Amino acid sequence: MTPLVTPRPGRAGARRRTGRAGRARRTRAAAALLAAFGASAGLLLAAPGPARAGANLVVNPGFESARSADALPTCWEKSGWGNNDFTVSTTDAAQAHSGGRALAVSVTRRVDGDRKVLMKEDSSCAPAVTPAHQYDLSLWYRSTTPDASVTVFRHDVKAGWQYWTDLKSLPVSAAYARAEVRTPVVPPGTDQITWGVSVYGVGTVVTDDYDMEDATQPGGGAVCTAGDACTKGTWAVMPFRNPVRSMHSVVLHNGKVLLVAGSGNDPELFKAGTFTSALYDPRTGGMKTVPTPVDMFCAGHVQLSDGRVLIMSGNKAYPAADGSHGYEGFKDSYVFDPATESYVKTNDMNEGHWYPSATILGNGDVISFGGLKEDSTGSVTAEKFSQAQQKWLPRTEVNQTWSYWGLYPSMILMQDGRLFYSGSHVFGNGTPGGGAAVYDYGANRITDVPGLQDKDHRDQSMSVLLPPAQDQRVLTMGGGNVNSNPEASRLTDLIDLKQPNPAYVPGPPLPQGTVDQGQGPKPETGAQGKMYVSAVLMPDGKVLETGGGLHDRADPVFEASFFDPATNGFQAGLATDPVPRTYHSSAFLLPDGRVMAVGDNPGNGTFDDHVSIYTPPYLYKGARPQITAVANNRWQYASTQRITVDRPVVKAELIRPAAVTHSSDPNQRFVDLPMTVGTDGTTIDLNVTSNPNLAPPGWYMLFAVDANGVPSVASWVHLGGPEALAAAAAPAVHGFARHMTGEVKGPGQQRSHEPVSPQIAGCDRHYGEANVCVPTVFPKAVAATTEARCTWLKEHGYGRLRLNGRADPLGLDLDGNGVACG
């Protein structure tokens with residue numbers, strides 16, 4: 001490393017504050033943080049405890065050894081990045097906590113970036129660590145700024161030194177205070193770490209007497225006696241049925257699940273104006289139907305910061321049999337209130353958006369792209385819902401690039417407020433360029449991101465921000481193309497958005513299972529994978545992928561696996577859902593740590609109303625830890641929050657509840673909560689990120705996980721909100737992805753729409769009802785003959801299909817009686 005010359009990953013405020021108002025706000029924030037710190041600081045330290053078990057692994061922890069009189073202490077070095085003015089100095093004994101020296105970092109002017117002093121990245125200076133272990137880090141400090149945190153870098157034996165994580169915000173403190181925090185489990189391939197304090201706001205932080213000790217909690221040695229369930233988990237089909245043809249699944253902060261159907265892809269229900277939703281309560285097993293004002297079939301949805309669900313657009317019309325128009329979206333928007341269990345109308349959007357994206361931003365606003373307009377053309381209008389005004393803003397108040405992002409484009413919020421379009425979408429080809437992009441809303445420009453494999457066959461793939469969100473890595477899995485109808489893909493792609501110039505790299509192929517192509521399940525072969533993938537972030541830090549199909553609305557694949565972000569590999573061979581889960585299916589995490597799966601809507605127009613529940617292997621490993629108390633369930637950013645547990649745990653995290661449809665939930669995220677553990681092992685202070693872009697405001701499930709990977713039942717906590725955001729200190733934002741070399745596009749010429757084929761859904765409307773999808777292109781293995789096509793339709797349960805008019809483009813009515821395959 002070349003200190004202060006080559007920028008390295010660091011922290012930067014998301015916005016600049018200048019003038020009297022900015023200084024006043026900063027003063028209020030510092031006072032609020034100091035008051036919060038005073039209410040809780042020292043409680044852990046005051047508790048009596050055993051003697052320290054381990055040796056201090058920090059070299060020169062008190063800075064007493066120096067290379068020369070005016071140099072930094074031995075084994076310490078300057079670092080940082082960005083546009084700021086600073087000084088780093090060694091103090092005298094009068095300012096030290098103990099001994100004769102301390103280190104001071106002062107920032108006197110800041111536009112962006114940070115400054116810090118870290119343990120030197122040297123084999124003789126950086127503490128050695130063991131993968132799978134955890135370490136308690138502590139230091140003594142004084143600070144005049146709330147904008148400081150403990151930052152850790154790690155040495156990967158293959159990739160070298162790299163940013164790891166931020167562990168703890170340091171409140172303002174005029175006198176010396178002790179800060180202590182436990183690292184996450186050290187990732188595989190890590191042999192050393194280095195750490196120190198980042199200062200990302202104007203002020204001074206003085207530190208002294210660093211300490212680092214191994215704090216690894218051994219596993220309890222519980223023996224699983226449940227046979228295959230110990231490694232595969234189990235699925236159970238519930239004895240009750242889903243009362244609605246649900247297309248959308250949302251886990252509410254009261255623990256209930258909102259299942260939204262609208263017309264449920266049933267044109268007869270649409271004609272009758274029968275639109276439905278249901279509420280499922282996992283604690284009682286009860287189902288309740290909810291009056292639904294409009295056809296929310298294929299709407300967009302996202303959880304607002306207060307826990308209500310914003311639902312945007314839906315289905316204005318089904319495709320016309322004569323091909324004059326396709327699906328149409330409407331402008332209407334509603335919020336579902338869990339307290340009243342009812343829908344309330346908002347103002348209208350600027351235009352219709354059937355299949356829109358929906359992403360919550362760090363300030364609580366919601367941004368939406370894509371979908372089909374009222375005339376079934378593609379929408380090029382970006383929409384923004386204002387948290388402050390509780391309404392959709394006029395088009396003129398929203399930055400517009402006039403780009404067509406497609407249907408359900410997966411737009412994932414990055415740690416600096418930009419949006420990453422992962423390349424996952426619905427229906428047809430990917431966007432022009434590399435198939436993925438970073439959109440900077442503030443600058444209103446799009447930068448192409450390379451590397452996504454086979455970008456035009458990622459229709460109804462699934463993308464997730466991998467655990468923890470602080471790592472800024474995205475996994476994209478599977479996919480197909482409803483228009484060309486190839487066999488679905490096994491491809492996976494990984495991208496690290498912390499890199500200066502991030503690009504996708506190939507991931508391990510999806511594991512294969514069995515596929516039912518109408519003649520019963522048979523093993524997948526060759527490159528066969530799946531589209532309609534569901535992916536669920538689990539409390540132990542893994543990702544469950546389950547469900548899917550080999551072709552458009554057909555040929556269910558029975559396979560499930562865990563993806564482990566620590567190893568970048570799949571654990572194949574999990575138990576599989578016995579119910580097919582293809583088009584219009586959802587899988588999502590429940591607060592008790594199990595996974596619920598609903599829906600399957602194959603091309604023949606049927607809908608499977610069975611409900612399945614997956615019990616993961618970790619629930620067969622013995623007793624679960626319990627969160628016995630949460631001191632406060634209303635959390636602010638950059639705060640410390642106390643919980644108690646009934647026995648030691650190794651990690652805690654927030655998981656944002658699901659709002660999923662069509663293999664799309666871009667707001668799904670797992671946020672690590674670094675712990676400060678009391679001497680009793682069961683009193684724990686959780687350190688909350690200062691960055692709302694990592695954890696947008698709203699309700700979260702709080703899990704605590706023991707050394708065996710067994711999670712507690714979740715407690716619900718609320719993070720942020722308008723009042724907390726207004727009082728917060730500056731968020732800590734890193735300078736990641738700032739040297740991208742992909743093609744950059746500014747706003748294009750203003751236009752009204754993107755032309756879209758009425759057959760974008762891959763269905764030939766000359767046959768059957770509007771909810772029946774006879775493929776415009778049959779799978780490659782089906783010969784282009786009437787006999788072969790009719791055999792395929794029969795094997796897939798299509799039944800009687802009347803012709804809509806005289807045209808018979810697929811040649812299915814050879815006897816001319818107006819019925820296909822008659």
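**The annotated span**

Select residues 276–604. In UniProt, an unreviewed entry annotates residues 276–604 as "domain: Glyoxal oxidase N-terminal". Keep in mind that this is a predicted model.

**Disulfides**

Now turn to the cysteines; the structure holds 4 disulfides.

Select Cys75 and Cys125, whose sulfur atoms are 2.0 Å apart in a disulfide. Cys75 is in the loop between helix H2 (43–46) and strand S2 (76–81), and Cys125 is in the loop between strand S5 (114–119) and strand S6 (135–143), so the bond ties together parts that are 50 residues apart in sequence. Are these two cysteines buried or exposed? Both Cys75 and Cys125 are buried. The torsion about their S-S bond is about -65°, so this disulfide is left-handed.

Next, select Cys224 and Cys230, a disulfide with its sulfur atoms 1.8 Å apart. Its S-S torsion is about -85°, which means it is left-handed. Cys224 counts as partly exposed at 25% relative accessibility, while Cys230 counts as buried at 17%.

Then select Cys763 and Cys773, joined by a disulfide with an S to S distance of 2.1 Å. Both residues are in the loop between S57 and H6, 10 residues apart. Cys763 is buried at 2% relative accessibility, and Cys773 is buried at 3%.

Finish with Cys298, which is in no disulfide; the nearest cysteine sulfur belongs to Cys763 and is 11 Å away. Cys298 is buried, with a relative accessible area of 0%.

**Salt bridges**

How many salt bridges are there? The count comes to 28.

Select Arg109 and Asp85, a salt bridge whose closest N and O atoms are 2.8 Å apart. Arg109 is in strand S4 (residues 103–110) and Asp85 is in strand S3 (residues 84–90), so the pair ties together parts that are 24 residues apart in sequence. Arg109 counts as partly exposed at 35% relative accessibility, and Asp85 also counts as partly exposed, at 34%.

Select Arg178 and Glu180, whose side chains meet in a salt bridge of 3.1 Å, N to O. Glu180 counts as buried at 12% relative accessibility.

Move to Arg802 and Glu769, a salt bridge with its closest N and O atoms 3.6 Å apart.

As a last stop, select Lys256, Lys288 and Glu341, which are linked in a network of salt bridges.

How values were computed: Residues numbered from 1 in each chain as written. Predicted model: local features only at pLDDT ≥ 70, side-chain atom pairs only at ≥ 80, totals over all residues. Heavy atoms only, no water. UniProt positions renumbered as here; feature names shortened; annotations may be inferred. Salt bridge = Lys/Arg side-chain N within 4 Å of Asp/Glu carboxyl O. Helix = DSSP H or I, 4+ residues; strand = E, 2+ residues; numbered from the N terminus. Buried < 20%, exposed > 50% of the residue type's maximum accessible area, 1.4 Å probe, protein only. Disulfide = S-S within 2.5 Å.
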